[in-house]
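Try each task before reading its solution.

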Amino acid sequence: MSPDQLKHLDKLETAAAHLNSTINDILDLSKIEAGKFDLLDEPLQLDHLIAEVVDMCHEHAKAKKLQITGSADPLPPHLHGDPTRLRQALLNYLGNSVKFTEAGVIRLHAKVIEESDDEALILFEVQDTGIGIEKNKLDKLFQAFEQADSSTSRQYGGTGLGLVITKKLAQAMGGDAGVTSSLGTGSTFWLTARLRKGATAVLPTPDLPIQNPADRLRTDFRGKRVLVADDDDFNREIAKIVLGDVGLVVDLAEDGLCALKMATQTPYDIILMDMQMSKLDGLDATRAIRQLPDSLIIPIVAMTANAFAEDKARCLASGMNDFITKPFAPQVLYSKLLHWMKADPSLQGERPTDETLR
C-alpha cells in the first residue's frame, strides 16, 4: 500500500480501538452499577500476573522507548482472588502510564501492607516519569467521564472511565485506589486488594520474561495446530489472520458439531471455542470433546462475547481451561496461547473446583 493508505489505515485502527475501549468501559461501569458484577475466587500467583501484565504493555512501551518493569516483595502463598479483574485494573494503570509518559521508566510493584491468618491486603503501585498532574485536579480523576483537563482527551484520547472502573474494582476487592502526583515529575497510581488465603497450593508457573508474546510464539511454537470454532464468518477470518501471523496452523469450524468432528480427526495443540453456536453450542461441544481419548491434555479456551462472571463459570464447568472475551486484542490472545502452550500437558485437563467457581 501507499504511504497515504497506510496512514489512513492507522487512523482507522486508532479510531476503532478507541470506540471499542469506550464501549467496553461503559459496559463494565453499567454492570458494576446494575449489580451484575461478581468476583471470582481463584488461586492467584501474583508474581506471574504482574509479569503477564507488564508483558502485555511491553510492545507499546518499547515503541516509545520506555523502560517498563514489574516486581513484588515476598508475598504470602496460596492467595485467592479474581485474576481477570485484578489484571484489568493493573492494565488500566499501566496503559495510562505508557500513554502519558514520553521518556523514562514505568514501574509496577506489589507488597503486603496488612496481613492476618485469613487474608492479606496487597498494595499495587504504578510509578511513572510522565507529565504528572496538578494537585488541585487530582480529585477529579476517579470520577466518571472526568480527566485532568479538557486538553488531555484531545491530545491523548480516552473517556475518563478507566480510573473510575479501577477504583470500583479495587473497592469490590475490599481495597481502594488513588494517586499521588506532581506536574512535570510523574505520578504514582495505587490500588489495594484484600485477598483471601486459601489452603490450595498454587501450581508453579515460570515468570514471563519481558518479551513480545507474538515473537515467542513464532520462535517456540511455529507450526502448532489450532482449531477455531466460531459461527461468524468474519470472526473466523480475523482469527485465522491473527493466528497465522505468528506461524500457527489454523483450522476453522463453523459450529460446535463441526468442531467435534474435526477434533476426532486431528490432534490439535489448542482449541479456541465460541460459546454460542448453531447445531451444537460451545459448552456441549467441549463436553463431547472431553469424552474423546486423550482429550484432557488439549487446552480449550473460550473465545466469546459473553462476558459475565456466570458465563465464565459455565465455560469452566463444561471443561474449558480459560476464557477470553471478544473482541480481543491480538496481544491478549497471544499471551493466553503462550500460557497454555507452555503449560504442563498433564495438568491441562483438570476441572475447576467448586471453590474456583464461587
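**Exercise 1.** What does the accessible surface of the protein chain come to, and what percentage of it belongs to carbon and sulfur atoms?

*Solution.* Keep in mind that this is a predicted model. Its protein chain has an accessible surface of about 17400 Å². Carbon and sulfur atoms account for 53% of that area. For burial, turn to the residues: 47% of the 358 count as buried.

**Exercise 2.** Describe the secondary structure of the chain and the sequence range of its contacts.

*Solution.* Start with the elements: there are twelve helices and twelve strands. Next, take the contacts between residues at least 6 apart in sequence; 72% of these join residues at least 24 apart.

**Exercise 3.** Work out how helix H6 is placed.

*Solution.* First, find the buried residues of H6, which spans residues 213-220: they are Pro213, Ala214, Arg216 and Leu217. They lie on the same side of H6, because they cover an arc of only 165 degrees around the axis. Then look for what covers them: helix H2 (46-63) and helix H11 (330-342) are included. Finally, check the start of H6, where a side-chain oxygen of Asn212 comes within 3.1 Å of the backbone nitrogen of Ala214.

**Exercise 4.** Is Leu9 buried, partly exposed or exposed? Place it in its surroundings.

*Solution.* Locate Leu9 in helix H1, residues 3-33. Its relative accessibility is 39%, so Leu9 counts as partly exposed, the class between the 20% and 50% cut-offs.

Notes: Residues numbered from 1 in each chain as written. Predicted model: local features only at pLDDT ≥ 70, side-chain atom pairs only at ≥ 80, totals over all residues. Heavy atoms only, no water. Buried < 20%, exposed > 50% of the residue type's maximum accessible area, 1.4 Å probe, protein only. Helix = DSSP H or I, 4+ residues; strand = E, 2+ residues; numbered from the N terminus. Arc of directions from axis to C-beta. Contact = heavy atoms within 4.5 Å. Polar contact = N/O pair within 3.5 Å; in protein donor to acceptor, adjacent residues only side chain to side chain. Areas by Shrake-Rupley, 256 points an atom, 1.4 Å probe, with all protein chains shown as cover.
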